[in-house]
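Notebook open, structure loaded. I'm jotting down what I look up as I go.

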Amino acid sequence: EKAGFEHFMMKEIHEQPKVVQDTLNSVLKDGRIDLAEVGLAEDEIKDISQIYIVACGSAYHVGMAAQYVIEDMARIPVRVELASEFRYRNPILDPHALAIVISQSGETADSLAALRLCKDHGIRTLAIVNVVGSSIAREADNVFYTLAGPEISVATTKAYSTQMMASYVLAIQFALVREQITEEQYTGYIKELQTLPEKIQRIIDDKERIQWFASKQANAHDTFFVGRGIDYAISMEGSLKMKEVSYIHSEAYAAGELKHGTISLIEDGTLVIGVLTQPDLYEKTVSNMVECKSRGAYLMGMTTFGNYNIEDTADFTVYIPKTDPYFATSLAVIPLQLLGYYVSVAKGLDVDKPRNLAKSVTVE
Ligand code: F6R
(Lines give C-alpha, C1' and ligand atoms only; values in the text may rest on other atoms or scores of the structure.)
Protein backbone atom coordinates (compact mmCIF):
# COMPACT_ATOMS: atom_id res chain seq x y z
CA GLU A 1 0.00 0.00 0.00
CA LYS A 2 3.01 2.29 0.38
CA ALA A 3 3.95 1.46 -3.20
CA GLY A 4 7.53 0.62 -2.29
CA PHE A 5 8.11 3.68 -0.12
CA GLU A 6 9.09 3.39 3.50
CA HIS A 7 6.44 5.86 4.65
CA PHE A 8 3.17 7.28 3.40
CA MET A 9 4.58 10.78 3.70
CA MET A 10 7.27 9.99 1.11
CA LYS A 11 4.78 8.22 -1.12
CA GLU A 12 2.49 11.23 -0.97
CA ILE A 13 5.34 13.66 -1.66
CA HIS A 14 6.01 11.66 -4.83
CA GLU A 15 2.37 11.76 -5.87
CA GLN A 16 2.39 15.53 -6.03
CA PRO A 17 3.20 16.03 -9.72
CA LYS A 18 0.27 13.83 -10.68
CA VAL A 19 -2.35 15.14 -8.26
CA VAL A 20 -1.44 18.77 -8.94
CA GLN A 21 -1.88 18.06 -12.66
CA ASP A 22 -5.18 16.24 -12.04
CA THR A 23 -6.53 19.14 -9.99
CA LEU A 24 -5.61 21.61 -12.72
CA ASN A 25 -7.03 19.43 -15.49
CA SER A 26 -10.32 19.07 -13.64
CA VAL A 27 -11.12 22.74 -14.23
CA LEU A 28 -9.61 23.21 -17.69
CA LYS A 29 -11.68 23.04 -20.83
CA ASP A 30 -10.07 23.73 -24.19
CA GLY A 31 -7.17 25.38 -22.41
CA ARG A 32 -9.36 27.74 -20.40
CA ILE A 33 -10.55 27.70 -16.80
CA ASP A 34 -14.13 26.52 -16.48
CA LEU A 35 -15.72 26.86 -13.04
CA ALA A 36 -19.11 25.51 -14.12
CA GLU A 37 -18.74 22.44 -11.91
CA VAL A 38 -17.63 24.56 -8.99
CA GLY A 39 -20.72 26.66 -9.68
CA LEU A 40 -19.29 30.17 -9.75
CA ALA A 41 -20.81 32.29 -12.52
CA GLU A 42 -19.11 35.37 -13.97
CA ASP A 43 -21.72 37.74 -12.54
CA GLU A 44 -21.18 36.31 -9.10
CA ILE A 45 -17.43 36.70 -9.40
CA LYS A 46 -17.90 40.33 -10.43
CA ASP A 47 -20.04 40.99 -7.34
CA ILE A 48 -17.55 39.75 -4.76
CA SER A 49 -16.68 42.67 -2.47
CA GLN A 50 -14.00 40.89 -0.48
CA ILE A 51 -12.84 37.40 0.38
CA TYR A 52 -12.42 35.71 3.75
CA ILE A 53 -10.26 32.63 3.68
CA VAL A 54 -10.80 30.52 6.78
CA ALA A 55 -8.90 27.34 7.66
CA CYS A 56 -6.63 25.58 10.16
CA GLY A 57 -3.00 24.46 10.09
CA SER A 58 -1.49 23.86 6.68
CA ALA A 59 -4.74 24.81 4.96
CA TYR A 60 -4.41 28.19 6.68
CA HIS A 61 -0.91 28.46 5.22
CA VAL A 62 -2.38 27.85 1.78
CA GLY A 63 -4.72 30.75 2.53
CA MET A 64 -1.77 32.96 3.50
CA ALA A 65 -0.07 32.30 0.17
CA ALA A 66 -3.35 32.61 -1.75
CA GLN A 67 -3.98 35.99 -0.18
CA TYR A 68 -0.88 37.45 -1.78
CA VAL A 69 -1.79 36.01 -5.17
CA ILE A 70 -5.49 36.91 -5.20
CA GLU A 71 -5.00 40.43 -3.90
CA ASP A 72 -2.17 41.23 -6.25
CA MET A 73 -3.56 39.56 -9.35
CA ALA A 74 -7.33 40.06 -9.00
CA ARG A 75 -7.26 43.15 -6.76
CA ILE A 76 -9.93 41.78 -4.41
CA PRO A 77 -9.32 42.44 -0.69
CA VAL A 78 -8.57 39.17 1.10
CA ARG A 79 -8.47 38.36 4.79
CA VAL A 80 -7.08 35.07 6.00
CA GLU A 81 -8.22 33.80 9.36
CA LEU A 82 -7.66 30.85 11.60
CA ALA A 83 -11.03 29.14 11.87
CA SER A 84 -10.64 28.69 15.64
CA GLU A 85 -10.26 32.46 16.05
CA PHE A 86 -12.70 33.64 13.42
CA ARG A 87 -15.63 31.68 14.79
CA TYR A 88 -15.38 33.09 18.31
CA ARG A 89 -14.75 36.74 17.63
CA ASN A 90 -18.12 37.90 16.32
CA PRO A 91 -16.64 39.09 13.02
CA ILE A 92 -18.22 41.88 11.00
CA LEU A 93 -19.23 40.13 7.82
CA ASP A 94 -19.94 41.89 4.54
CA PRO A 95 -22.96 40.30 2.83
CA HIS A 96 -21.26 40.58 -0.58
CA ALA A 97 -18.15 38.80 0.57
CA LEU A 98 -17.14 35.33 -0.51
CA ALA A 99 -15.98 32.96 2.23
CA ILE A 100 -13.48 30.32 1.12
CA VAL A 101 -13.03 27.45 3.56
CA ILE A 102 -10.02 25.24 2.85
CA SER A 103 -9.87 21.74 4.30
CA GLN A 104 -8.40 18.42 3.25
CA SER A 105 -10.66 16.27 5.43
CA GLY A 106 -13.72 18.46 5.23
CA GLU A 107 -14.36 17.52 8.86
CA THR A 108 -12.23 19.95 10.85
CA ALA A 109 -14.58 21.13 13.60
CA ASP A 110 -13.48 24.77 13.72
CA SER A 111 -13.49 25.14 9.93
CA LEU A 112 -16.97 23.64 9.77
CA ALA A 113 -18.19 26.01 12.51
CA ALA A 114 -16.68 28.97 10.63
CA LEU A 115 -18.48 27.87 7.47
CA ARG A 116 -21.77 27.68 9.33
CA LEU A 117 -21.21 31.12 10.83
CA CYS A 118 -20.76 32.57 7.33
CA LYS A 119 -23.86 30.78 6.08
CA ASP A 120 -25.88 32.09 9.02
CA HIS A 121 -24.88 35.58 7.93
CA GLY A 122 -26.05 34.87 4.40
CA ILE A 123 -22.57 34.91 2.91
CA ARG A 124 -21.73 32.79 -0.09
CA THR A 125 -19.40 29.96 0.85
CA LEU A 126 -16.92 28.12 -1.35
CA ALA A 127 -15.12 25.08 0.01
CA ILE A 128 -11.79 23.81 -1.29
CA VAL A 129 -12.02 20.24 -0.03
CA ASN A 130 -10.39 16.91 -0.73
CA VAL A 131 -12.79 14.39 0.77
CA VAL A 132 -15.91 13.96 -1.34
CA GLY A 133 -19.12 14.03 0.65
CA SER A 134 -17.45 15.37 3.81
CA SER A 135 -19.37 17.75 6.08
CA ILE A 136 -17.76 20.91 4.74
CA ALA A 137 -18.29 19.76 1.15
CA ARG A 138 -21.95 19.03 1.83
CA GLU A 139 -22.71 22.30 3.59
CA ALA A 140 -20.84 24.78 1.39
CA ASP A 141 -22.68 26.54 -1.43
CA ASN A 142 -19.89 25.71 -3.86
CA VAL A 143 -17.17 23.09 -3.81
CA PHE A 144 -13.84 23.03 -5.58
CA TYR A 145 -12.62 19.47 -5.11
CA THR A 146 -8.91 18.93 -4.89
CA LEU A 147 -7.97 15.61 -6.46
CA ALA A 148 -5.21 14.63 -4.06
CA GLY A 149 -6.72 11.21 -3.38
CA PRO A 150 -6.63 9.71 0.11
CA GLU A 151 -3.94 11.26 2.28
CA ILE A 152 -2.76 8.87 4.99
CA SER A 153 0.28 10.62 6.48
CA VAL A 154 -0.80 12.91 9.30
CA ALA A 155 1.45 15.66 7.95
CA THR A 156 -0.13 16.98 4.79
CA THR A 157 1.87 17.28 1.59
CA LYS A 158 -0.14 16.47 -1.51
CA ALA A 159 -3.38 17.96 -0.21
CA TYR A 160 -1.54 21.23 0.46
CA SER A 161 -0.16 21.25 -3.08
CA THR A 162 -3.56 20.67 -4.67
CA GLN A 163 -5.10 23.39 -2.48
CA MET A 164 -2.45 25.78 -3.78
CA MET A 165 -3.35 24.83 -7.35
CA ALA A 166 -7.05 25.44 -6.66
CA SER A 167 -6.16 28.84 -5.22
CA TYR A 168 -4.18 29.86 -8.32
CA VAL A 169 -7.03 28.81 -10.58
CA LEU A 170 -9.48 30.96 -8.62
CA ALA A 171 -7.10 33.93 -8.60
CA ILE A 172 -6.56 33.76 -12.35
CA GLN A 173 -10.23 33.37 -13.16
CA PHE A 174 -11.24 36.17 -10.77
CA ALA A 175 -8.57 38.41 -12.28
CA LEU A 176 -9.78 37.78 -15.83
CA VAL A 177 -13.49 38.22 -15.09
CA ARG A 178 -12.79 41.43 -13.19
CA GLU A 179 -10.56 42.69 -16.02
CA GLN A 180 -7.43 42.94 -13.95
CA ILE A 181 -5.32 40.91 -16.39
CA THR A 182 -5.19 40.76 -20.17
CA GLU A 183 -6.13 37.75 -22.24
CA GLU A 184 -2.45 37.29 -22.96
CA GLN A 185 -1.56 37.24 -19.26
CA TYR A 186 -4.42 34.81 -18.64
CA THR A 187 -3.18 32.25 -21.15
CA GLY A 188 0.37 32.83 -19.98
CA TYR A 189 -0.54 32.02 -16.37
CA ILE A 190 -2.41 28.87 -17.37
CA LYS A 191 0.55 27.78 -19.45
CA GLU A 192 2.85 28.32 -16.50
CA LEU A 193 0.56 26.28 -14.22
CA GLN A 194 0.91 23.44 -16.73
CA THR A 195 4.66 23.41 -16.14
CA LEU A 196 4.45 23.07 -12.35
CA PRO A 197 4.06 19.25 -12.17
CA GLU A 198 7.23 18.66 -14.17
CA LYS A 199 9.14 21.23 -12.08
CA ILE A 200 7.92 19.61 -8.86
CA GLN A 201 9.16 16.30 -10.22
CA ARG A 202 12.60 17.75 -10.87
CA ILE A 203 12.84 18.91 -7.25
CA ILE A 204 11.81 15.50 -5.96
CA ASP A 205 14.41 13.87 -8.22
CA ASP A 206 17.05 15.87 -6.38
CA LYS A 207 15.95 14.70 -2.93
CA GLU A 208 19.29 13.13 -1.92
CA ARG A 209 20.81 16.56 -1.53
CA ILE A 210 18.13 17.46 1.05
CA GLN A 211 18.57 14.08 2.71
CA TRP A 212 22.27 14.76 3.16
CA PHE A 213 21.60 18.17 4.70
CA ALA A 214 18.80 16.80 6.92
CA SER A 215 21.05 14.08 8.30
CA LYS A 216 23.27 16.84 9.67
CA GLN A 217 20.36 18.64 11.35
CA ALA A 218 19.05 15.82 13.52
CA ASN A 219 20.49 17.46 16.66
CA ALA A 220 19.18 20.94 15.97
CA HIS A 221 17.15 22.51 18.79
CA ASP A 222 15.70 25.56 17.11
CA THR A 223 15.03 26.44 13.51
CA PHE A 224 13.84 29.70 12.05
CA PHE A 225 12.23 29.98 8.65
CA VAL A 226 12.27 33.50 7.29
CA GLY A 227 10.93 35.21 4.20
CA ARG A 228 8.89 38.12 2.97
CA GLY A 229 5.57 38.18 1.13
CA ILE A 230 4.79 34.82 -0.44
CA ASP A 231 8.10 33.59 0.97
CA TYR A 232 6.75 34.26 4.45
CA ALA A 233 3.71 32.09 3.72
CA ILE A 234 6.03 29.34 2.46
CA SER A 235 8.11 29.71 5.62
CA MET A 236 5.05 29.06 7.75
CA GLU A 237 4.40 25.76 6.06
CA GLY A 238 8.08 24.77 6.11
CA SER A 239 8.22 25.49 9.81
CA LEU A 240 5.12 23.45 10.54
CA LYS A 241 6.45 20.50 8.55
CA MET A 242 9.68 20.65 10.53
CA LYS A 243 8.11 20.78 13.98
CA GLU A 244 5.32 18.29 13.47
CA VAL A 245 7.34 15.40 12.09
CA SER A 246 10.84 16.06 13.46
CA TYR A 247 9.94 17.52 16.89
CA ILE A 248 12.47 20.29 16.43
CA HIS A 249 11.22 23.62 17.67
CA SER A 250 10.82 25.91 14.73
CA GLU A 251 9.24 29.24 13.97
CA ALA A 252 8.39 31.16 10.85
CA TYR A 253 9.11 34.85 10.79
CA ALA A 254 8.44 37.62 8.38
CA ALA A 255 12.07 38.46 7.71
CA GLY A 256 11.55 42.14 8.47
CA GLU A 257 10.26 41.26 11.94
CA LEU A 258 13.44 39.51 13.07
CA LYS A 259 15.04 42.60 14.45
CA HIS A 260 11.94 43.40 16.48
CA GLY A 261 12.71 40.68 18.96
CA THR A 262 13.38 37.26 17.53
CA ILE A 263 16.97 37.85 16.53
CA SER A 264 17.88 37.70 20.23
CA LEU A 265 17.34 33.94 19.95
CA ILE A 266 20.02 33.48 17.32
CA GLU A 267 23.19 31.99 18.73
CA ASP A 268 26.14 30.07 17.39
CA GLY A 269 24.90 27.36 15.07
CA THR A 270 21.16 28.18 15.14
CA LEU A 271 19.69 27.00 11.86
CA VAL A 272 18.03 29.78 9.88
CA ILE A 273 16.35 28.92 6.59
CA GLY A 274 15.82 31.83 4.25
CA VAL A 275 13.18 31.49 1.55
CA LEU A 276 13.93 33.80 -1.39
CA THR A 277 11.70 33.11 -4.38
CA GLN A 278 10.35 36.64 -4.81
CA PRO A 279 12.65 38.79 -6.99
CA ASP A 280 11.37 42.10 -5.57
CA LEU A 281 12.16 41.04 -2.02
CA TYR A 282 15.34 39.06 -2.61
CA GLU A 283 17.88 41.68 -1.53
CA LYS A 284 15.83 42.61 1.53
CA THR A 285 15.74 39.05 2.80
CA VAL A 286 19.41 38.51 2.00
CA SER A 287 20.28 41.41 4.28
CA ASN A 288 18.20 39.86 7.07
CA MET A 289 20.12 36.63 6.57
CA VAL A 290 23.41 38.49 6.79
CA GLU A 291 22.23 39.93 10.11
CA CYS A 292 21.54 36.41 11.38
CA LYS A 293 24.86 35.16 10.13
CA SER A 294 26.79 37.84 11.96
CA ARG A 295 25.12 36.53 15.16
CA GLY A 296 26.39 33.04 14.44
CA ALA A 297 23.47 31.49 12.56
CA TYR A 298 24.00 28.56 10.24
CA LEU A 299 22.18 29.50 7.04
CA MET A 300 20.29 27.56 4.46
CA GLY A 301 19.10 29.65 1.54
CA MET A 302 16.48 28.53 -0.93
CA THR A 303 16.04 30.48 -4.13
CA THR A 304 15.56 30.07 -7.87
CA PHE A 305 18.28 28.90 -10.24
CA GLY A 306 20.27 31.91 -11.34
CA ASN A 307 20.47 33.65 -7.97
CA TYR A 308 23.88 32.16 -7.35
CA ASN A 309 25.13 35.07 -5.27
CA ILE A 310 23.12 33.57 -2.41
CA GLU A 311 26.19 31.40 -1.95
CA ASP A 312 28.07 34.46 -0.65
CA THR A 313 25.73 34.38 2.36
CA ALA A 314 24.26 30.92 2.82
CA ASP A 315 26.18 27.90 4.12
CA PHE A 316 23.91 25.53 2.21
CA THR A 317 21.82 26.38 -0.83
CA VAL A 318 18.82 24.81 -2.49
CA TYR A 319 17.77 25.94 -5.94
CA ILE A 320 14.32 25.54 -7.37
CA PRO A 321 13.28 25.91 -11.01
CA LYS A 322 12.08 29.29 -12.24
CA THR A 323 8.38 29.96 -12.36
CA ASP A 324 6.17 33.01 -12.13
CA PRO A 325 6.69 34.41 -8.60
CA TYR A 326 2.95 33.99 -7.96
CA PHE A 327 3.34 30.22 -8.18
CA ALA A 328 6.63 29.80 -6.32
CA THR A 329 4.93 28.33 -3.27
CA SER A 330 4.24 25.11 -5.16
CA LEU A 331 7.93 24.56 -5.83
CA ALA A 332 9.52 25.95 -2.67
CA VAL A 333 7.38 23.85 -0.38
CA ILE A 334 8.78 20.60 -1.79
CA PRO A 335 12.34 20.84 -0.39
CA LEU A 336 10.84 21.88 2.96
CA GLN A 337 8.55 18.84 3.02
CA LEU A 338 11.59 16.68 2.23
CA LEU A 339 13.62 18.39 4.93
CA GLY A 340 11.04 17.70 7.63
CA TYR A 341 10.69 14.15 6.41
CA TYR A 342 14.40 13.34 6.33
CA VAL A 343 15.12 14.93 9.72
CA SER A 344 12.32 12.82 11.17
CA VAL A 345 13.75 9.67 9.58
CA ALA A 346 17.26 10.56 10.74
CA LYS A 347 15.91 10.83 14.29
CA GLY A 348 14.10 7.53 13.97
CA LEU A 349 10.67 9.03 14.63
CA ASP A 350 7.24 7.85 13.60
CA VAL A 351 7.00 9.98 10.45
CA ASP A 352 3.47 9.11 9.42
CA LYS A 353 1.98 9.32 12.91
CA PRO A 354 3.76 11.99 14.92
CA ARG A 355 3.02 11.95 18.64
CA ASN A 356 -0.09 13.76 19.91
CA LEU A 357 -1.45 14.49 16.44
CA ALA A 358 -4.54 13.25 14.63
CA LYS A 359 -5.17 13.33 10.90
CA SER A 360 -8.55 14.92 11.25
CA VAL A 361 -9.34 17.29 14.12
CA THR A 362 -13.04 16.86 14.77
CA VAL A 363 -12.95 18.24 18.30
CA GLU A 364 -12.72 21.95 19.05
C1 F6R B 1 -0.32 19.74 8.96
C2 F6R B 1 -1.71 19.32 8.88
C3 F6R B 1 -2.73 20.08 9.64
C4 F6R B 1 -4.00 20.28 8.80
C5 F6R B 1 -5.10 20.91 9.65
C6 F6R B 1 -6.36 21.15 8.87
O7 F6R B 1 0.52 18.92 8.21
O8 F6R B 1 -2.02 18.37 8.21
O9 F6R B 1 -2.24 21.31 10.07
O10 F6R B 1 -3.69 21.06 7.71
O11 F6R B 1 -5.38 20.10 10.75
O12 F6R B 1 -6.90 19.94 8.43
P13 F6R B 1 -7.95 19.90 7.27
O14 F6R B 1 -7.28 20.37 6.04
O15 F6R B 1 -8.40 18.48 7.17
O16 F6R B 1 -9.08 20.84 7.65
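This is a predicted model: local features need pLDDT of at least 70, side-chain atom pairs count only at pLDDT 80 or more; totals for chains, interfaces and linings use all residues.

**Salt bridges and surroundings**

I started with K199, which is buried at a relative accessible area of 10%; buried means under 20% relative accessible area, exposed over 50%, and partly exposed in between (1.4 Å probe, protein chains only). Residues are numbered from 1 along each chain as its sequence is written, and side-chain values use heavy atoms, with hydrogens and water left out.

What does the side chain of K199 meet in a salt bridge? I found E192 there, at 2.7 Å from N to O. My cut-off for a salt bridge is a side-chain nitrogen of Lys or Arg within 4 Å of a carboxyl oxygen of Asp or Glu. E192 is buried too, with a relative accessible area of 19%.

I then asked how many salt bridges the structure holds. The count is 19. One of them joins D22 to K18, with the closest N and O atoms 2.6 Å apart. The two sit 4 residues apart in helix 2 (residues 16-25), so about one helical turn separates them. K18 is exposed at 56% relative accessible area, and D22 is partly exposed at 24%.

I also looked up R79 and E81, whose side chains form a salt bridge at 3.0 Å, N to O. R79 is partly exposed at 35%, whereas E81 counts as buried at 10% relative accessibility. K11, E15 and K158 turned up as a linked network of salt bridges.

Next I traced an open sheet of 5 strands, in the order 4-3-5-6-7 with parallel pairing. Its edge strands are strand 4 (78-82) and strand 7 (142-145), each pairing on one side only. From one strand to the next, the twist averages 20 degrees. My strands (E, at least two residues) and helices (H or I, at least four) are DSSP runs, numbered from the N terminus, and two strands pair if DSSP finds at least two bridges between them.

Strand 3 (residues 51-55) and strand 4 run parallel and are joined by 5 bridges. Which residue of strand 4 is the bridge partner of A55? It is L82.

Helix 4 packs on this sheet, touching strand 3, strand 4 and strand 5 (98-103), and its direction makes about 170 degrees with that of strand 4. Contact here means heavy atoms within 4.5 Å. Axes are lines fitted to C-alpha atoms, for helices over the stretch in contact, and angles run from 0 to 180 degrees between N-to-C directions.

**Helix 4**

I checked the length of helix 4 (residues 57-74): at 1.5 Å a residue its 18 residues should span 26 Å, and the end C-alpha atoms are 25 Å apart, which agrees. The expected span is 1.5 Å times one less than the number of residues.

Where is the kink in helix 4 centred? I put it on A66, at about 30 degrees; the bend is the angle between axes fitted to the seven residues ending at a residue and the seven starting there. Of the 18 residues, 14 are buried, so helix 4 is largely enclosed by the rest of the structure. R75 follows helix 4 with a positive phi, near 55 degrees.
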